[in-house]
Amino acid sequence: MPFRRGNDARRRWRLSAKLLIAASVATVVGFSAVCAGVMFDMRRGEEQLARRTLENLASGIEADISRNIELYDLSLRAVASNLEMPEIRGVSKELRQLILFDHAATAKHFGAIQVFDTKGNLTIDAASLDPQPENRSDEEYFAIQRDHPDTGLYVSRPMLHRGAYAIVLSRRITGEDGRFLGVVVGSIRFSYFHDLFGRLNLTPGDTITVLRNDRTIIMRTPFDLDVIGKNLAEQLDWRSENLKVGGAFSGKGPVDDTPRLYVRRSSSGPLYVVVGKPLEAVFNLWRTEAIRIGAIMAFLVLFVLSATLVLAREIVRRADAEDKLEELATTDALTGLKNRRKFDAEIDREWRRAGRYGQPVALLMIDADHFKAYNDTYGHQAGDQVLVGIAICISDAVRRAGDCPARFGGEEFAVLLPNMTALEAFNLAETIRGKVQQWCEGELITTVSVGVASMRPLAGQQWSDLIEAADKALYAAKANGRNQSVLATVPKMALVA
């Protein structure tokens with residue numbers, strides 16, 4: 001069964017082309033997925049590295065601020081404690097200054113400690129033995145300490161204090177009986193924060209924000225007076241849940257529209273620190289690598305797909321070439337019908353199939369009448385024309401896709417008719433004979449004789465038995481005068497005109 005194997009081979013070739021394309025696409029998708037996964041892992045790694053860096057930076061800043069506030073608070077508490085001693089009232093101003101402020105923290109960024117009485121009047125100033133009259137009863141920190149005994153250390157909003165922008169630190173002075181005796185006040189100038197942030201190696205777009213626990217901005221770099229003192233709790237488009245204690249947040253912040261990675265340090269003091277870095281800077285290196293790797297992957301994908309398409313096209317071309325070669329090998333060059341080789345393969349396949357399903361197989365054996373005389377009289381070219389005309393008549397009559405008309409040899413033709421009864425085959429034979437008779441013209445009219453046989457394959461029978469039966473019927477048609485169809489009877493093979 002060479003031709004069936006040929007069909008199977010061509011199907012395998014075309015299937016191979018499809019499988020090659022599918023495998024290449026699957027490979028490309030797989031590698032792309034792996035590459036995308038690696039790139040996302042790299043992105044997460046860059047974000048985690050930036051987060052750890054910002055956490056360390058925020059931790060260092062918060063530690064410095066907390067240390068200085070704690071140090072200054074110790075001085076405030078010492079002054080408040082010493083003022084509660086009855087003996088302090090009877091000493092001279094010089095000795096009082098020495099007792100109260102001898103161990104007070106001093107630095108260029110710390111303001112002088114002051115003491116205000118119950119009415120907000122300045123009574124003691126570390127910077128002067130005879131301070132100028134001053135009243136701070138209308139200040140927020142004074143009212144807070146007066147009205148809320150349990151406030152402890154209070155850090156004010158940023159304000160202009162004694163000629164410089166600063167935050168004011170205050171503590172309540174409480175008598176033994178719990179009475180309000182006044183407020184001890186100190187300040188930390190903004191120059192401290194400018195000096196602290198100026199020592200850091202920040203990149204453009206980086207932000208450092210120091211906030212009070214009620215989310216009031218105490219200080220921010222880049223410095224902007226419009227932002228300083230702003231309470232984020234009053235901002236409806238920003239929620240505190242976005243940046244929890246000790247957490248991180250990626251996106252637009254509450255101050256400007258630049259997307260950043262923000263990190264908030266946890267702090268037990270009155271202030272906490274938030275550090276931000278633009279996402280563009282965080283992922284700059286990753287983006288460069290992603291573009292480079294993406295370009296390489298795109299090139300490889302295009303190369304693989306192009307090579308796959310070229311190979312698939314060559315496979316299809318080979319399959320088409322094999323189709324053409326098979327067509328040349330199985331087609332009669334003169335008539336265009338199947339040749340004897342193809343016919344033998346088809347009758348073998350149909351015989352086996354009919355045997356499996358118990359179906360009939362019919363066969364027409366057709367021979368041109370007086371062809372040798374016509375060929376001798378009019379020449380070989382005219383004889384070829386007659387053969388071509390008969391082939392056209394056969395093809396015109398045989399309509400079913402599974403039928404196989406073939407040139408059996410010389411002027412003899414065969415038509416294989418799967419699943420067709422003897423009567424149906426005989427009617428088709430008469431149709432072919434009539435078409436040939438109607439088509440032929442000339443001094444010597446050419447007709448055909450047809451032998452018809454139909455069998456249901458039984459055990460022990462071969463398809464050669466069908467050919468033999470149709471062939472005997474053809475001989476009977478010629479013996480009875482030609483230009484007629486004869487049906488072979490099976491199994492007796494009796495010939496009936």
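Predicted model: local features only at pLDDT ≥ 70, side-chain atom pairs only at ≥ 80, totals over all residues.
Close-up 1. You'll find Ala 281 in helix α5, which covers residues 279–282. Now look for Thr 203: Ala 281 and Thr 203 are 78 residues apart along the chain, yet their C-alpha atoms are separated by 8.6 Å.

**Close-up 2. A nonpolar patch on the surface.** Five side chains to look for here are Ile 21, Val 25, Val 29, Leu 305 and Leu 309, which together form a nonpolar patch with about 390 Å² of accessible area. Which helix gives the largest share? That's α1, with three residues.

**Close-up 3. Helix α7 crossing helix α11.** Helix α7 (residues 340–357) packs against helix α11 (residues 463–479) at an angle of about 115°, and their axes are 9 Å apart. So α7 is roughly perpendicular to α11. On the α7 side, the contact is made by Phe 343, Asp 344, Ile 347, Asp 348 and Trp 351, while α11 brings Trp 463, Leu 466 and Ile 467.

**Close-up 4. Helix α8 against helix α9.** Here α8 (residues 371–378) and α9 (residues 380–397) pack at about 135°, with 6 Å between their axes. That angle makes α8 oblique to α9. The residues in contact include Phe 371 and Tyr 374 from α8, and His 380 and Val 386 from α9.

**Close-up 5. A salt-bridge network around Glu 350.** Lys 342, Glu 346, Arg 349, Glu 350 and Arg 353 are linked by salt bridges into a network. Glu 350 pairs with Arg 349 at 3.6 Å, N to O, and also with Arg 353, where the closest N and O atoms are 2.9 Å apart. Arg 353 and Glu 350 are about one helical turn apart, because three residues separate them in helix α7. Is Glu 350 buried or exposed? Glu 350 is buried, at 6% relative accessible area, whereas Arg 349 is partly exposed at 30% and Arg 353 is partly exposed at 24%.

Close-up 6. Glu 468 and Lys 472 form a salt bridge, with their closest N and O atoms 3.4 Å apart. About one helical turn separates Glu 468 and Lys 472, since they are four residues apart in helix α11. Glu 468 is partly exposed at 43% relative accessible area, and Lys 472 is partly exposed at 40%.

How values were computed:
Residues numbered from 1 in each chain as written. Heavy atoms only, no water. Patch = residues over 30% accessible without salt bridge, like charges linked within 9 Å, V, L, I, M, F, W, Y side chains within 5 Å. Areas by Shrake-Rupley, 256 points an atom, 1.4 Å probe, with all protein chains shown as cover. Salt bridge = Lys/Arg side-chain N within 4 Å of Asp/Glu carboxyl O. Helix = DSSP H or I, 4+ residues; strand = E, 2+ residues; numbered from the N terminus. Axes fitted to C-alpha atoms, helices over the stretch in contact; angles between N-to-C directions. Parallel < 35°, antiparallel > 145°, perpendicular 65-115°, else oblique. Contact = heavy atoms within 4.5 Å. Buried < 20%, exposed > 50% of the residue type's maximum accessible area, 1.4 Å probe, protein only.
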